[in-house]
Amino acid sequence: MASIYLDHAATTPIHEEVQERMMAVMNQHYGNPSSIHAFGRDGRKLVDQARTTVAEAINAPFSTIVFTSGGTEANNLAIFGSAYAYQNQGKHIITTAIEHHAVLHPCEQLEKDGFDVTYLPVDELGKVKVEDVKAALRDDTILVTIMSVNNEIGVTQPIQEIGALLDDHQAIFHTDAVQSFGVYKLDVQSLGVDLLTASSHKIYGPKGVGFLYKKEDLHLQQQLHGGEQERKWRSGTENTLAIAGFDEAIKVLEREREERDRHYEALQNRLLMELEQQGITFTINGDLNARVPNIINISFPNTEVEMFLTNLDLAGVAVSSGSACTAGSIDPSHVLKAMYGEEDPRLTNSIRFSFGIHNTEEEMAIVAEKIKPIIDRLKKVVT
Amino acid sequence: MSDNANTRVVVGMSGGVDSSVTALLLKQQGYDVVGIFMKNWDDTDEFGVCTATEDYEDVARVCHQLDIPYYSVNFESKYWDKVFQYFLDEYQSGRTPNPDVMCNKEIKFKAFLDHAVGLGADYLATGHYARVRERDGQVEMLRGIDNNKDQTYFLNQISQDILPKIMFPLGELTKQEVRDIAKENDLATATKKDSTGICFIGERNFKEFLSEYLPAQPGEMQTLSGEVKGQHDGLMYYTIGQRQGLGIGGAGDPWFVVGKNLKDNVLYVGQGFHHNALYSDALLAVEVNWLVEQDLSQPFSCTAKFRYRQQDSPVTVYPNEDGTVYVKFDQPERAITPGQAVVFYDGDVCLGGGTIEEAYRHEEALAHLG
């Protein structure tokens, strides 16, 4: 049975052009960028080319880009790195209740280490209020970390406004842009961010690589100690193959961005239309007017998410919900909890669909057709 | 495509060798097999490590070997309400609960069966050592052929209606054969140790575990004639017929728990394995569940088990109008324990069972047994 993949917010397939580039790199360019011989220079050239691509993509200087092993490492470097580098100016951190665990868990760890963290609430639409950030700011606030686009509901956050608010405050502003990097043209200057995280495998690049934009003159405590690669901000031999792939993925993205957006939009509209035509009852979680087109989180009343997801997978449709615990069972989404409170049925009946460049509108019709009998069956079972 | 390929069987997989082989056998028979791991207990330790993770990893490894899909389902809150709360309540009433029986009744063969049906399953399979067979249009549950492993005792409370939806592929095998099959097929769980004890307690100290949930009330240990022999740590820590942990020295035969007085918080002790107070000749069973259509208008003879891995004893069952049964033993039985199950058999067929409410001798209730 052919499967339909609608979980691109989890990861994306590697774009064909990226694959070609990586094949070529794998075959020829294996030098260690730190080596001073011809092979080393060859490796370094790849990394520097990629750095140029990233820097231009987000309107940042070349030297501000630090390659990491991915979004999680970039977030950890941003949060621990800045908290420990600037703790003499205060120990207060502001974040939101709907961040990815790669932000929330570092913040929780910092709390254990004596920092004070404010977790801002969101409204029913999944948006953080700029006034709430303003109200939470203190003289000893050293870091504000707020995601650009939420990975579960696709809602965009007012990063630019928060950036402007923080203009005349000492606090460093970090944004986890893992989900927005593949959709929006980001400009770190106009966003007013000091740190920005992005990841390759969400934009049709390989896994195992991401970057942290770190504003010039900003200091971070090193998290990995060793050969002082990446201007000492991230030790460890550069993952040249993946970095080259990331480079290519960004180039393709820049070229295809608008086309992709239109495609995602069409897929989303088609899916919603097909669901309606099947007579399926559903509601959409999150702000309809401030969202990326490639993620949509839908609540299906009278279903139960574990059974629903399993059924969909058995029917050949790959989607997701919340996050799975290490024993495979699904924990209620902390994002929906923040929006609706602990008891809302939407916590256990919502599914995330995230679209990709290879999806077709016909697939959306098939998905709706497959959902229909499952919902009918679950109505009988779920009590 | 064969019929089996169109027949979906959901297998409850625990990460142990029994359920692994269950899935393997069904896969070999060509069924559309789906593995499901049940997470019934949140046992995250002080380092934040959830021990269900390891078992789930084993499920994943085996399912990769078998090339079948696998998923997890969370029944933690249901398990807490239906099994754990019962477990605590029974201990609090001075009885000895059987959480495995309750888990089969409420979780594995109710909530989990519903889940399987929700997944479009035609059958639910588990790695229990029991058999189901159809006879005269009725589906019966039989003992597993490995007498030492037979698990019908724990299955006595499942509903007769669901038997047509159940598969127990291991019922025809011995434990040794199951292990051999696992080894021959190089299953990742082939050499895994069998889990022991009550699932949510695991390898932990039972007393410590229970004391986290129920306040222990130490009291006196007395003989039935009132002679104080020492202190007990709390009645819930002792079960009828137990020898270990009494700490009574002195001459003569070893000491045993022969009864409990919940009202006065007294633990009765007596000397000798065969102490007279431990023996009864009848019991009253409640919550009786029949797995076979049974004529309850008159008494009937059959055999019964009063605890797991015990030989059957011949009994006569006297059905009461309220659905309970009075069970008379041909021979006196030692250490009949309220809260445990009594399970009835006709040869290999499991007729059903109930919960032991009270034991009797010469038609008098033995109050000291709980």
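This is a predicted model: local features need pLDDT of at least 70, side-chain atom pairs count only at pLDDT 80 or more; totals for chains, interfaces and linings use all residues.
## What covers helix H9 of chain A?

Which strands and helices, from chain A and chain B, cover the buried residues of H9(A)? From chain A itself, the cover includes strand S11 (317–318), strand S13 (330–331), strand S14 (350–354) and H11.

H9(A) is mostly covered, with 8 of its 10 residues buried. The buried ones are Val305(A), Glu306(A), Met307(A), Phe308(A), Leu309(A), Thr310(A), Asn311(A) and Leu312(A). After the helix comes Gly316(A), which has a positive phi, near 90°.

## Where the two chains touch

Let us step back to the contact between the chains. Chain A brings 14 residues to it, and chain B brings 18 residues. On the side of chain A that touches chain B, helix H9 (305–314) and helix H11 (361–381) are the elements that give two or more residues. H9(A) gives the most to this side, with 6 residues.

What kinds of residue make up that side of chain A? They divide into 6 nonpolar, 5 polar and 3 charged.

## A look at chain A

If you trace chain A from end to end, you will pass 11 helices and 14 strands. Its radius of gyration is 21 Å, close to the 21 Å that the globule rule gives for 383 residues, so chain A is as compact as a globular protein of that length. The C-alpha trace spans about 65 × 55 × 35 Å along the principal axes of chain A.

Of the 383 residues in chain A, 50% are buried. Among the contacts in chain A with a separation of 6 or more, 74% are between residues 24 or more positions apart.

## A look at chain B

Chain B holds 6 helices and 18 strands. Here the radius of gyration is 22 Å, close to the 21 Å that the globule rule gives for 370 residues, so chain B is as compact as a globular protein of that length. Along the principal axes, the C-alpha atoms of chain B fill a box of roughly 75 × 55 × 35 Å.

Buried residues account for 42% of the 370 in chain B. For contacts in chain B with a separation of 6 or more, the share that comes from residues 24 or more positions apart is 65%.

## The annotated binding site in chain B

Where does UniProt place the feature "binding site" in chain B? The record, an unreviewed entry, puts this feature at Gly12(B), Met13(B), Ser14(B), Gly15(B), Gly16(B), Val17(B), Asp18(B), Ser19(B), Met38(B) and Gly127(B).

You can find Gly16(B) in the loop between strand S1 (8–12) and helix H1 (17–28) of chain B. Is Gly16(B) buried or exposed? Gly16(B) counts as buried because it has 20 C-beta neighbours inside 10 Å. Beyond its neighbours within four places in sequence, Gly16(B) is in contact with Thr189(B), Lys192(B), Asp194(B) and Ser195(B). Met38(B), in turn, sits in strand S2 (residues 32–39) of chain B. Met38(B) also counts as buried, because 24 C-beta neighbours lie inside 10 Å. With neighbours within four places in sequence set aside, Met38(B) is in contact with Gly12(B), Val73(B), Phe75(B) and Phe112(B).

Technical notes: Residues are numbered from 1 along each chain as its sequence is written. Chains are lettered from A and ligands numbered from 1 in the order in which they are written. UniProt positions are given in the numbering used here, feature names are shortened, and annotations may be inferred rather than shown by experiment. Helices (H or I, at least four residues) and strands (E, at least two) are DSSP runs, numbered from the N terminus. A residue is buried if 20 or more other C-beta atoms lie within 10 Å of its own, exposed if 12 or fewer, and partly exposed in between; C-beta atoms are placed from the backbone. Two residues are in contact if their C-beta atoms, placed from the backbone, lie within 7 Å. The radius of gyration is taken over C-alpha atoms; the globule rule is 2.2 Å times the number of residues to the power 0.38. Ala, Val, Leu, Ile, Met, Phe, Trp, Tyr, Cys and Pro count as nonpolar, Asp, Glu, Lys and Arg as charged, and the others, Gly among them, as polar.
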